[in-house]
There are 4 protein chains.
Amino acid sequence: MALHKLQVAVAGLGRMGARHALNFLNSVPRAELVAAFSPEPKELEWAKVHLEPFGVTLYSDYKKMLEHPGLEAVCIGTATSVHAEESIQAMDKNLHVLCEKPLSTTVKVCQDVVDHAAKKPHLKVMCGFSRRFDASYRDVAEKIEAGKIGRPTILRSQTCDKHDPSGTFTTRFFVAYAAWSGGVFVDMSVHDIDLTLWYFGSSVVPKSISAYGVVAVQPGLKKYNDYDNAVGIIEFWDGRIAHYYASRMMPHGQEDVTEIIGTKGKLTVNLNPQKNLVNYYHSGGVTREVPLDYWGRFEQGFVSEANEFTKACLDNTPVPLEFNNAVKAVQIGAWLQEALISGKQIKFDESGKRTEKSNL
Amino acid sequence: MALHKLQVAVAGLGRMGARHALNFLNSVPRAELVAAFSPEPKELEWAKVHLEPFGVTLYSDYKKMLEHPGLEAVCIGTATSVHAEESIQAMDKNLHVLCEKPLSTTVKVCQDVVDHAAKKPHLKVMCGFSRRFDASYRDVAEKIEAGKIGRPTILRSQTCDKHDPSGTFTTRFFVAYAAWSGGVFVDMSVHDIDLTLWYFGSSVVPKSISAYGVVAVQPGLKKYNDYDNAVGIIEFWDGRIAHYYASRMMPHGQEDVTEIIGTKGKLTVNLNPQKNLVNYYHSGGVTREVPLDYWGRFEQGFVSEANEFTKACLDNTPVPLEFNNAVKAVQIGAWLQEALISGKQIKFDESGKRTEKSNL
Amino acid sequence: MALHKLQVAVAGLGRMGARHALNFLNSVPRAELVAAFSPEPKELEWAKVHLEPFGVTLYSDYKKMLEHPGLEAVCIGTATSVHAEESIQAMDKNLHVLCEKPLSTTVKVCQDVVDHAAKKPHLKVMCGFSRRFDASYRDVAEKIEAGKIGRPTILRSQTCDKHDPSGTFTTRFFVAYAAWSGGVFVDMSVHDIDLTLWYFGSSVVPKSISAYGVVAVQPGLKKYNDYDNAVGIIEFWDGRIAHYYASRMMPHGQEDVTEIIGTKGKLTVNLNPQKNLVNYYHSGGVTREVPLDYWGRFEQGFVSEANEFTKACLDNTPVPLEFNNAVKAVQIGAWLQEALISGKQIKFDESGKRTEKSNL
Amino acid sequence: MALHKLQVAVAGLGRMGARHALNFLNSVPRAELVAAFSPEPKELEWAKVHLEPFGVTLYSDYKKMLEHPGLEAVCIGTATSVHAEESIQAMDKNLHVLCEKPLSTTVKVCQDVVDHAAKKPHLKVMCGFSRRFDASYRDVAEKIEAGKIGRPTILRSQTCDKHDPSGTFTTRFFVAYAAWSGGVFVDMSVHDIDLTLWYFGSSVVPKSISAYGVVAVQPGLKKYNDYDNAVGIIEFWDGRIAHYYASRMMPHGQEDVTEIIGTKGKLTVNLNPQKNLVNYYHSGGVTREVPLDYWGRFEQGFVSEANEFTKACLDNTPVPLEFNNAVKAVQIGAWLQEALISGKQIKFDESGKRTEKSNL
């Protein structure tokens, strides 16, 4: 008799949702993907080929999927705008929830979901920050914990996407996407902010936040008050600084780099991005290729995330990632975005309360 | 109704066998691990914890396992000495076979297995050379195919294991292992030889073979006519050279490097070995860690191997790796080992026939 | 008959002055070091051994040195506080001047020197920014010029010194030095600012300037309003951003890194600092060493600087570095330092005029 | 009164000679270049512009140059065929000698020069092996001396030149050059052999020597019994192995790599060749350029060589490089070349005496 496997459904079968579905189907031995939902006929067509034959029941109605017999957990990979609502609906059905980041682009809504989860302490609820499951970032956390760099003091982190200069789908997509993404700091730098909370501790209190941006290659972003290159700085009250760079203009591929400077040492992650272990020597020099997107960099992290979430559900152990951070990271991202748009510094007292009115 | 999954058994649950079993159990969505065999009580104890709960039937008798109802394929990860016999027995039961390398340390026995397989063309029979399934080596193959380096002319390849200077288990293991491993060129360099057959083409004909070795850190190897560091060169009749280095003395970890120099470009794989994407900056400089063993380097390759073998069985497509190469690689390894022990060059005519008597 | 060599004197024989003197003595074939000045007996002792035997006349009085028969040029490497005065005195004697950076820590004084030089157009007057003479930075300038990265848009540059955790000389030196160095942005980042003027063009107009710092390892800095780690951002009116990091806390050595991101490509300089071409493989991984100070990184740049200044004097060609930049770089450094100390953003209108009162 | 400077002449003003002349003229503060010789009118034309104006007397007759008043030392950079004769003539005039490698392509002639020098112990006589003066190779020597890698056991070293696929001057030059260069192992690998004598000790005794080559891109080499790619192995009696690769087919530039594997650690030099510290990120990945020739890699080494030779002459200290090695390195190179051409292994007894007749 086989051991019980977690009965999982995936909501949303777009870019991220489909990847989550395939991960739960193929790479999470302790889970069984039993159901999948999408409101998009096109996505359901894809699922008929790639999921249904493997015993996955397809739904075009999210609420109906939640009624799937024996369902225990839902992985939410739909559009950000419905993350919160779907998470709450799943919790109301007493289902564990793994929700793709961010819970919402609005801090208040994020907080609602976290508050809701607090009322259901028997449920495992997690917001997916894939870097938390990446072997290199974990190695850094262990080395910091072991005291190898003294006190982490300066954190520099960047999330940089490849630019598609042909002006085709991807570019248009990102411009349209800006309308509801929450902006470059909420959409992209939220990962760097989450790393900050990890390595500096989630109790850090901002003292001031500033941010600056330019629109260099995607003029369409302007009407959404967004930027294709942005730099932000956060001063914390305990004598630390984090600074971020987000860009959608990289020519060579995905380049997510993090550097943590301590009083006794320094650690870097992915300073020299690479697709694989090949170097090509030619008349122009020596060239290595770079992953084209975040999937090329973090695929294994997503697999670990799904496995660890499954383990927490089955074994009733804590999820590996404090749920409350999901609010804090979005809150900081939103402040950075506000500073970016207003061009004005935001200040906080030592309790974390803003000392000026919103600039917007 | 779920699609049919390949019913697989794994033979041998030692270091490699256990890894194969876990791969088929957890990382091969189209396969179902239904049975496992080991003659070792200790290995079966392990399997009771890690395999049996997931529906895997355990056997201490290989032949009985072959009778497991519905069994379709066997993955053989036992000691090299029984690879050939077990492969043949499985084929006689009309089971597909994925056999860990090498089929045998004896060329004749390898050839017997290949001949046997030739009589069962409906069966998928594959000898596992993990590097064939590694993303970087495959990228190299594609770039060569695309003409990026002109004609591949010089191949340098090394398989280098970490040395355990404490003289504990690993070291003693490798010394004892030398008694029946076939020697450093058959045991280690066989991977580099296989890469040569891949990148130069499997029809290359050796013109001469030379090899030299030293015993630098494991004096016990001498009584087995083996070495802990060895260099070998093969000249081919079509104007190409391959040279190999095998070592069990690396201080820092596993370091398997390959360099292919063509008339118009050069490609390297893993010239700068690395465990992950972290660099540590300290008062002594900048340090990166290195995988400690082949598993740290090739884990994903083994997963791909199992998946592709499964696909070939289920879809009745060719296995991705010509079975005959398994004989050829061992043959060349054995010649290198002979040259190493005798200290004499081995020569061949253009048809590949040796032009002198064996030196041993 | 040998060609005429430029008759050069060096003022100041401390850390930098001595290096300039040895460069002019040994590595500038078209110059002849004829005189050297220091107010410090200890430095003159050094000069008696290392300069005097090679025909260099020593002076303890700067003005007397300026009267040295046949003198044509002075290289000023004294303390920053006398750079301006000594430069003007030399110009008044119609001598060419190569002055170590900065001309002064005060913008007004810098401007005075530049204005003075403007009245003596027959003289070659140059402020030494060593990176302008470094082969890698020049390669970057050429690649930008050639259009390889499109429009340079984001510049990240850092000047990071090795920290001496023993609390001995170097540390105490830097703390005391902070009293008159102009602060971390004037002392260290002035190089990064100069690179910005080089790669973005010297006509860029700041829109806003912000900066933040921490005192992490040298508490003594606080009383001088200085910091051992500082981050600064400059927004420019033409849609570009430069951000800087300065640190005196590196554990591993000197690490001056520059990254220039354009609309079509990216260039980095010294992303992976290294002392030489050696890698050391040991049980902890693979380690490379890093230059311990700026001299280990830029020694060749200083040699080129001295040679090119000499050439400009002898051949009456323009100096390779616009003198006016020396004011502009210090001005921007001073603004960054003001923003750092005040914690307030500084803003400018499109003509470059400040739109608020000074925050200090 | 200035200190005495070594009065130096340079013989030969071709590719290497001209570089030596400019080094002594510009970068050796304790030497004065007083004379230069070339038999080639074209080279003398060059010298009239670049040397004569700086007080260098030009000669078209080598013997007359040796009579130059006050001459103390000669740097010989003429064609290899006259190295020996000119060295002996200079010694006969009691002049110190720095001779470009090799002394001769014939072992006997090399030995004659060394024997001749032995009769003039008051003279400083040195054969220039530039890598001995390179900072990275010296760092390796110090680390070995400090015991950082245990006993050096395996040495891999390669000298690889850029290939000029246009078939223009360089290529034709190298083909013609093969007629009198002594072959690829004497001409190129002699540097790698010298490194072996340095790191393993000059008393190592070969046990066997084998070598193999191909002609891949320069068919004209065949008639001179030479190869554009060659691999050689030397076994030493004390349980060490050196293996070499020489190539004139690199697409990307000069690539001289050395790897020394000891019983406790490993060191590499120039594993990742680079022209400078710039990386260029573009749509094809990340590219770094590579020095185009040995000068791009070893320029500073040649400057150090000239300075240290000068110091030894002036201060009457030992030259930094045992003269006898110059014979030993050529001898080993010649044996490798013999093994390459004959395709047969050469063997030696423990005293270093050959145990078979020459194969040629």
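Predicted model: local features only at pLDDT ≥ 70, side-chain atom pairs only at ≥ 80, totals over all residues.
View 1. A:M65 belongs to helix 3 of chain A, which covers residues 62-66. Apart from neighbours within four places in sequence, the residues in contact with A:M65 are A:A9, A:V10, A:A11, A:A35, A:A36, A:F37, A:Y59, A:L71 and A:V74. A:C160 stands 95 residues from A:M65 in sequence, and the C-alpha atoms of the two are 36 Å apart in space.

**View 2. The contact between chain D and chain B.** Chain D contributes 38 residues to this contact, and chain B contributes 38 residues. About 3000 Å² is buried between chain D and chain B, with 66% of that area on carbon and sulfur atoms. On the chain D side, the most area is lost to chain B by D:Y212, D:V214 and D:I233, which together make up 19% of what that side buries.

**View 3. Polar pairs and secondary structure where chain D touches chain B.** Two salt bridges are counted between chain D and chain B. One pair of side chains that meet in a salt bridge is D:E255 and B:K266, at 2.4 Å from N to O. The count of residue pairs in polar contact between chain D and chain B, both at pLDDT 80 or more, is eleven. On the side of chain D that touches chain B, two or more residues each come from strand 7 (152-162), strand 8 (206-214), strand 9 (229-236), strand 10 (240-250) and strand 11 (257-262) of chain D. Strand 10 of chain D gives the most, with six residues. By class, the residues on this side of chain D are 14 nonpolar, 15 polar and nine charged.

**View 4. The axis relating chain D and chain B.**

**View 5. Cis peptide bonds in chain B and chain D.** In chain B, B:K101 and B:P102 are joined by a cis peptide bond with omega of about -10 degrees. B:P102 sits in the loop between strand 5 (96-100) and helix 5 (107-118) of chain B. In chain D, a cis peptide bond joins D:K101 and D:P102, with omega of about -15 degrees. The loop that holds D:P102 runs between strand 5 (96-100) and helix 5 (107-118) of chain D.

**View 6. Positive phi at A:N94 and at A:N225.** A:N94 is not a glycine, yet has a positive phi of about 60 degrees. The loop between helix 4 (80-92) and strand 5 (96-100) of chain A contains A:N94. With a relative accessibility of 42%, A:N94 is counted as partly exposed. A:N225, also a residue other than glycine, has a positive phi near 60 degrees. A:N225 is placed in the loop between strand 8 (206-214) and strand 9 (229-236) of chain A. The relative accessible area of A:N225 is 42%, so A:N225 is partly exposed.

How values were computed
Residues numbered from 1 in each chain as written. Chains lettered and ligands numbered in written order. Heavy atoms only, no water. Contact = heavy atoms within 4.5 Å. Buried area = accessible area lost by both parts, 1.4 Å probe. Salt bridge = Lys/Arg side-chain N within 4 Å of Asp/Glu carboxyl O. Polar contact = N/O pair within 3.5 Å; in protein donor to acceptor, adjacent residues only side chain to side chain. Helix = DSSP H or I, 4+ residues; strand = E, 2+ residues; numbered from the N terminus. Nonpolar A, V, L, I, M, F, W, Y, C, P; charged D, E, K, R; others polar. Buried < 20%, exposed > 50% of the residue type's maximum accessible area, 1.4 Å probe, protein only.
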